[in-house]
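Take a first walk through this protein with its sequence and model side by side. The tour goes from the whole chain to single residues.

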Amino acid sequence: MSFGLNGVSYLMLSVFVISALGYMLGRITIRGISLGTAGVFIIALMSGAMFGEYLAAQFVIVDVSYASQTLKIIENLGLIFFVTSVGFIAGPNFFKNLNVNFKSYALLGIVIIAAGGLSAIGCIQAGRILESHNVLFDTKELTAIIAGLFSGALTSTPAFSAIKETVAAPYQDAVTVGYGIAYLFGVIGVVLFVQLIPKIEHADMEEEKKKITLVDVGMGKKYDGKLIQMDSYGFMPFAAAAVAGVLIGALKFFHFFSLTTTGGTLLIALLLGHLGHIGPVDMMPSKKVLETFRELGLMCFLIGAGFAGGMSFVKFFKAVYFLYGIVMTVVPMFAGYITAKYLLKMGLFNSLGSITGGMTSTPALGTLIHVVGTDDIASAYAATYPIALIAVVIVSQLIVIFF
């Protein structure tokens, strides 16, 4: 008895094996810290490093390997599912918050992302100095890796995808390697930060709870009449947002800048999520569909990007990149904390909640809710997260374009 598996079968089998093992890894919790869906990325990265060449050899048609192209399709489809879902979910709060008193949270989100961006630029300059003696040194490769480190340090998948779309094809695997190196500390660093700061400050927990400010994050516009649903799940508005987003993302501004698929689909989904409807037509997919597409999209994106990046991991890896990743996680956190405490005079838990949003760290928010003992702190996260989400996508692209 033998298995008659062709290249496509090997690839599909690999996708499901990686997803199963990845979710098992992500489920492991140590002192309240777990990788979640990031476990899929770690397994994909390892699989690509160990079995990538074998898979590529099984997927050859007329002397051409189609493994990388197929992985790219999986990655891009996952990206559209994930980013469009994130936009729809954040939309009702994003534009609503522009009209309420959340200026401090918005400023804090911008400060955090700006500090991370400046840290990335500093690491690029440091890397160029360290490699100045190397005649074979590739500055574009360094920028791609550090841009990937930047997205991993801030645990931002949308920024990661935007960077991959912005860099030239030969350097996309370098972005993935950078993201993988920095992601683990990006998760663990913020989780530890929100637990240690209250202890370091000897905070009076009950007194600090009283200072938590709730931010109005009410839903978007209402329609008086009965809305027309094109389908019971909301697939039509989701597909329409994806189509419009991809087209807008392909437009070139000033001959060099584009929103990319990430920015385009995020923008359109944010708008439709805010409006909720166009005339009598319901343009809001169901919450369950959005949550499912978000998770499915993230899984596919991380498998496609992680496996392809794993094949080049040894080629691009250097130990110093761990240090760069730590810098790009720690500097934004402390910049945000100092700004919140001394400039904005925010309460401790409002500051930490906003920092988790600015660092786009959902695991850290979960930890902070456990530390504080109330879901009210999620309000500060929700007020800061959308601003940080947009800012980190823009800053990540600017780093690649100008440095």
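The model is predicted. Its secondary structure comprises 16 helices and four strands. The protein has 403 residues, and 52% of them count as buried. The exposed surface comes to about 18800 Å². Carbon and sulfur atoms supply 67% of that area.

Start inside, with helix H5. Residues 139-153 form this helix, 15 residues in total. From first C-alpha to last, H5 reaches 21 Å, close to the 21 Å expected at 1.5 Å a residue. How many of the residues of H5 are buried? Twelve of the 15 are, so the helix is largely enclosed by the rest of the structure. Among the buried residues are Leu142, Ile145, Ile146, Leu149 and Phe150.

Beyond its neighbours within four places in sequence, Ala153 is in contact with Ala182, Gly186, Gly325, Met328, Thr329 and Met359. The C-alpha atoms of Ala153 and Ala120 are separated by 9.9 Å, and the two residues are 33 apart along the chain.

Next come the aromatic rings. The count is 15 aromatic pairs. One of them joins Phe160 and Phe301: the ring centres are 5.2 Å apart and the planes meet at 75°. An angle over 60 degrees counts as edge-to-face, so this pair of Phe160 and Phe301 is edge-to-face. Phe160 lies in helix H6 (residues 157-166), and Phe301 in helix H11 (residues 287-310). The pair therefore ties together parts that are 141 residues apart in sequence. Both Phe160 and Phe301 are buried.

A second pair, Tyr179 and Tyr183, is tilted. Here the centres are 5.2 Å apart, with 50° between the planes. These two tyrosines sit in helix H7 (residues 172-200). They are four residues apart, so about one helical turn separates them. Are they buried or exposed? Tyr179 is buried, at a relative accessible area of 1%. Tyr183 also counts as buried, at 13%.

Rings also gather in a group. Ring pairs link Phe81, Phe88, Tyr233, Phe235, Phe238 and Phe293 into a cluster.

Stay with helix H7 for the last stop. Gln172 is found in this helix, and it is buried, with a relative accessible area of 15%. Leaving out residues up to four places away in sequence, Gln172 touches Lys72, Lys164 and Val167. Leu196 is also found in H7. Is this leucine buried or partly exposed? Leu196 is partly exposed, with a relative accessible area of 44%. Together with Leu184, Ile188, Leu192 and Ile200, Leu196 makes a nonpolar surface patch of about 410 Å².

Notes: Residues numbered from 1 in each chain as written. Predicted model: local features only at pLDDT ≥ 70, side-chain atom pairs only at ≥ 80, totals over all residues. Heavy atoms only, no water. Buried < 20%, exposed > 50% of the residue type's maximum accessible area, 1.4 Å probe, protein only. Areas by Shrake-Rupley, 256 points an atom, 1.4 Å probe, with all protein chains shown as cover. Phe/Tyr/Trp six-rings, centres within 6.5 Å; stacked < 30°, edge-to-face > 60°. Patch = residues over 30% accessible without salt bridge, like charges linked within 9 Å, V, L, I, M, F, W, Y side chains within 5 Å. Salt bridge = Lys/Arg side-chain N within 4 Å of Asp/Glu carboxyl O. Expected span 1.5 Å × (residues − 1). Contact = heavy atoms within 4.5 Å.
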